[in-house]
2 protein chains.
Amino acid sequence: MKLFDGGMAPNPRRVRIFLAEKGIEVPIVPVNMAAMEHRADDIAARNPLRALPVLELDDGVILTESVAICRYFEALYPDPSLFGTSALEQAQIEMWHRRIELKLLAHIQAAFRHLHPAMKEWEVPQVPEWGEINKPKAVDFMRFLDGELATRSYIAGENFSIADITTMIALDFTKPARIAIPDDFEHLRAYHARMKARPSSSA
Amino acid sequence: MKLFDGGMAPNPRRVRIFLAEKGIEVPIVPVNMAAMEHRADDIAARNPLRALPVLELDDGVILTESVAICRYFEALYPDPSLFGTSALEQAQIEMWHRRIELKLLAHIQAAFRHLHPAMKEWEVPQVPEWGEINKPKAVDFMRFLDGELATRSYIAGENFSIADITTMIALDFTKPARIAIPDDFEHLRAYHARMKARPSSSA
């Protein structure tokens, strides 16, 4: 198999961190997203939605969508589990993962895509008013998360999970999105520092 | 256990259809979303994000997020599987489910929330320009889906899955969102009619 990667964008990064946490090595094909290579025919032939990452299996079967690729590896290599084992744990990780995706990452991405000059060709048309509205929505959810993290070590409970990976990439993505994580969100900031200290964070 | 339900909104509907497809009966507590009951203390005490549906287990543990609730029931009652069984099938269903959520349902919801007068109190502030931009994005993805459905019966392959449930609720939601499904998307329209003919669609 081979993984068509996309550098520092959140979704390609999510898969690389997931693989690092699992200790899985997959041959990587680098794709330069800044040069719009993900919109070229080589990727479009594999993913008509022209997005990365793309996993090509040895028999030519294609998997796209970062979380779907993660689930494939979770099923093949269940240990350590990053999506949970019991019914309740699976559901709690899914619940927190969706909260993070819909209430944090989505707002940060919208601010980045609708306000950053480099996104003009990607997000057509940019709506700066919409980008600005998303910034305080992201901060509101960070406040909620800061309260939650006062009582536990990881997003979805006492174990590291995919919800932590998505939270780490979301919080890191505040920088290009130009959203400040307020100084007084101390639990969130300490959590972020703990996640960045994991070897997987540089994957 | 009991399920705090929310009527015809897409997420509460997704869980009811899922339960109907599985043949599972859960005691329902109706919550009137039109009267904003989901923002009242009764729900906020269970889900600080004040959204429905909410599943309360017998020991008081709370699960929110419709897909997380569905995963809980999938793990408890695996047959018929609606999230897939093999690693590849699980990944393909997740891939299609995410494509449908991010490229279809999200655009339809954005059009509804930013343009419909009844949403003024829900989506603060409404950005009509953003609502309008989402309409052709939803139709673009429908065109892609119409091509895909020329060659198979269900969204993620040869079996009915959660991806079909989300597609059905998304296509039904085009009506309040005032997005027309073009007449010449014949495969998509035939698929939609097949899904609506399933007994679960009225759940």
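How many helices and strands make up the secondary structure of chain A? In this predicted model, the secondary structure of chain A comes to 7 helices and 4 strands, and these follow one another along the sequence in the pattern β-α-β-α-β-β-α-α-α-α-α. Chain A also touches chain B, and the contact takes 38 residues from chain B and 38 residues from chain A.

**Chain A as a fold**

- Chain A is as compact as a globular protein of its length, because its radius of gyration of 17 Å is close to the 17 Å that the globule rule gives for 203 residues.
- The C-alpha trace of chain A spans about 50 × 45 × 25 Å along its principal axes, and buried residues make up 55% of the 203 residues in the chain.
- Of the contacts in chain A between residues at least 6 apart in sequence, 65% join residues at least 24 apart.

**Area and polar pairing between the chains**

- Between them, chain B and chain A bury about 3200 Å², with 68% of that area on carbon and sulfur atoms; on the chain B side, Leu49(B), Arg98(B) and Trp130(B) lose the most area to chain A, together 17% of what that side buries.
- The two chains are joined by 5 salt bridges, one of which pairs the side chains of Lys137(B) and Glu123(A) at 4.0 Å, N to O.
- There are 10 residue pairs in polar contact between chain B and chain A, with both residues at pLDDT 80 or more.

**The chain B side**

- Strand 4 (62-64), helix 3 (66-76), helix 4 (87-115) and helix 5 (128-148) of chain B each supply at least two residues to the side that touches chain A, and helix 4 of chain B gives the most, with 12 residues.
- By class, this side of chain B has 23 nonpolar, 5 polar and 10 charged residues.

Methods:
Residues numbered from 1 in each chain as written. Chains lettered and ligands numbered in written order. Predicted model: local features only at pLDDT ≥ 70, side-chain atom pairs only at ≥ 80, totals over all residues. Heavy atoms only, no water. Contact = heavy atoms within 4.5 Å. Buried area = accessible area lost by both parts, 1.4 Å probe. Polar contact = N/O pair within 3.5 Å; in protein donor to acceptor, adjacent residues only side chain to side chain. Nonpolar A, V, L, I, M, F, W, Y, C, P; charged D, E, K, R; others polar. Rg over C-alpha atoms; globule rule 2.2 N^0.38 Å. Buried < 20%, exposed > 50% of the residue type's maximum accessible area, 1.4 Å probe, protein only.
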